[in-house]
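Here is a short report on a predicted model. Look at the strands, the helices and the core in turn.

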Amino acid sequence: MNETRPKMELGKDLIGLEHLSGETIRGILDTAEPFKEISERAIKKVPVLRGKTIVNLFFEPSTRTRISFEFAEKRLGADTVNVAASGSSVVKGETLVDTARNLEAMRIDMVVIRHGSSGAAQFLADRIPSNVINGGDGQHEHPTQALLDLLTLRDSFGRIEGLKVCIVGDVVHSRVARSNIYGLQKLGAEVAVCGPKSLIPASIEDMGVQVFTHVEDAIQWSDALNILRLQLERMNAGFIPSLREYNRVYGVTKSRLEQAPREIVVLHPGPMNRGVEIDSDVADGPQSVILPQVTNGVAVRMAVLYLLAGGAPERAEEAKKGEA
Amino acid sequence: MVREDTQLLLDAGGVEEVLERLARDVAEQGDDGLLLVGIRRRGVQLAARLASILKESHGIDAPTGSLDITLYRDDLHQIGPMPVIGVTEIPGDITGSRVVIVDDVLFTGRTIRAALQELADFGRPRKIELCVLVDRGGRELPIQADYVGLNVAAGERDLVEVRVPELDDGLSVTLVSATEAQ
């Protein structure tokens, strides 16, 4: 039928948002909309990926992302296997090649990979015929997190275009920040970052991103704050003097938010350090969309799995005809 | 060379007449737990029209819902890129209700098979019936309609087009037949 399909340029894999067009990103968000309803049904399962085998290959510890992917996969009817490989022995390149070959030999259809090395997802995608979804690779990208942030912002404001979004915290080590910056800019938002100089990349202004060194200034400017988790090991590495000091200078608190000229929406990718980067009365307050983010995470991941399972874009015409 | 012949089967008045008859037939079976569920996309508009006729002419207040069957299709693995999905909205709990599925054209029956499977994921209705504006024959599954507006003997390559004002130009049913010209 004549339903207009967005021009999607998703290939075999989802590695990052850097090389996707705004139209493709919007197409993924639009596809996520109908998937929200499935998680509200009595029987939360549709048979669209029935018979597909998906491996969740997590080389780094993760609870939220892994569970979210697993729910998304199961609600689409896929069979899933979780492989949790942690520790230093498996983060070597050779091991990843071997893992890839083994997966290929088991005839799986899709892999979700989380890995401590930037580029690991692309590395795997280049070596196996299965669809590969990046569940976070090193300090590179975490595309599905950014997509769920975008969907949550769109739910809150009805649009992304023209929004002022500030990412607060450890931007330099954050794949969430990178994916968010790409996604937000492609959809027409203005992006800023805020944090101690040691945690802001030196060249970030070249990306068209504004830099705030005072969180109060960021709050004056923003429509929404995306507050990153402060990874506690950063303190030991000397990036920040202490957690209490960080909270005093950069913590998003209720009293700081009350100075804002407008109602600010607060996002956090989790897990939160309450009392460090975010105070409890903000996290649990009316401006927080942290739990809707989690709900949207499942819908966005369902959309990505669904779209990637469709295969080659050159067969788009066939798909249209078959829709009658 | 393929030539296309377009034949108007029902104009707007004709469609309205047929819908009134269909509404009367649905109403004759009572209104106990009645729920109309339109299949996306044109079944949704037809279900809404049936509901308004039921209310005006028969005093029956039947809730309506919509069903997008894309995720239940049996050919998704063959067609390449995934089609756009519409939102499914089923009001309340359908367990114990009498669901009338409404669609524009009944052809292979595969859409209805998918709809039955999807409805089962929402609950266990007392009864499910099928109401279609046009039955064009050509079934590939043992499925038939309880209420049929118009029977058309269409060839496999012919196209039966239903237009509704919300999505197209006007309200009509046309048969576009493809014939091999000499």
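Strand β1 of chain A covers residues 53–58, and β3 of chain A covers residues 110–115. Five bridges join the two, and they run parallel. They belong to an open sheet of four strands, in the order β2-β1-β3-β4 (chain A), with parallel pairing. At its edges lie β2 (79–84) and β4 (131–137) of chain A, each of which pairs on one side only. On average, neighbouring strands of this sheet are turned by 15° against each other, direction ignored.

**Helix α1 of chain A**

Helix α1 of chain A runs over residues 22–38. At 1.5 Å a residue, its 17 residues should span 24 Å. The end C-alpha atoms are 26 Å apart, which agrees. Buried residues of α1(A) include A:Ile25, A:Ile28, A:Leu29, A:Phe35 and A:Ile38. A:Gly27, A:Thr31, A:Ala32 and A:Pro34 are buried too. What do the buried residues of α1(A) pack against? Four helices of chain A take part: α2 (64–75), α5 (143–157), α6 (175–186) and α12 (290–309).

**The core**

The largest nonpolar core has 149 residues. A:Val168, B:Leu50 and B:Ile101 have the most contacts inside it. Helix α12(A) gives the most to this core, with twelve residues. Leaving aside residues up to four places away in sequence, B:Leu50 touches B:Leu19, B:Leu22, B:Ala23, B:Val26, B:Leu36 and B:Val102.

**Chain B as a whole**

Chain B has three helices and eight strands. Along the sequence, they follow the pattern β-α-β-α-β-β-α-β-β-β-β. Overall values for chain B are listed here.

| Property of chain B | Value |
|---|---|
| Radius of gyration | 17 Å |
| Span of the C-alpha trace along its principal axes | about 55 × 40 × 30 Å |
| Residues that count as buried, of 182 residues | 42% |
| Contacts joining residues at least 24 apart, among those between residues at least 6 apart in sequence | 70% |

How does the radius of gyration of chain B fit a compact globule, and what value would such a globule have? With 182 residues, a compact globule would have a radius near 16 Å; the 17 Å of chain B agrees.

**Two strands of chain B**

Strand β2 (residues 34–39) of chain B pairs with β3(B) in the parallel sense, over four bridges. B:Gly38 stands opposite B:Ser66 in β3(B). Strand β3 of chain B covers residues 64–67. Which of its residues point the same way as one another? B:Thr64 and B:Ser66 point one way; B:Gly65 and B:Leu67 point the other way. In a regular strand, side chains alternate between the two faces of the sheet. All four of these β3(B) residues are buried.

**B:Gly149**

B:Gly149 is in strand β6 (residues 147–151) of chain B. Why does B:Gly149 count as buried? There are 23 C-beta neighbours inside 10 Å of B:Gly149, and the cut-off for a buried residue is 20 or more. Not counting residues up to four places away in sequence, B:Gly149 touches B:Val18, B:Leu22, B:Val132, B:Leu133 and B:Val134. B:Leu22 is also one of the residues touched by B:Leu50. B:Val105 is 44 residues from B:Gly149 along the chain, and their C-alpha atoms are separated by 9.8 Å.

Conventions
Residues numbered from 1 in each chain as written. Chains lettered and ligands numbered in written order. Predicted model: local features only at pLDDT ≥ 70, side-chain atom pairs only at ≥ 80, totals over all residues. Expected span 1.5 Å × (residues − 1). Buried ≥ 20, exposed ≤ 12 C-beta atoms within 10 Å, placed from the backbone. Contact = placed C-beta atoms within 7 Å. Pairing = 2+ DSSP bridges. Axes fitted to C-alpha atoms, helices over the stretch in contact; angles between N-to-C directions. Core = buried A, V, L, I, M, F, W, Y, C linked by C-beta atoms within 7 Å. Rg over C-alpha atoms; globule rule 2.2 N^0.38 Å.
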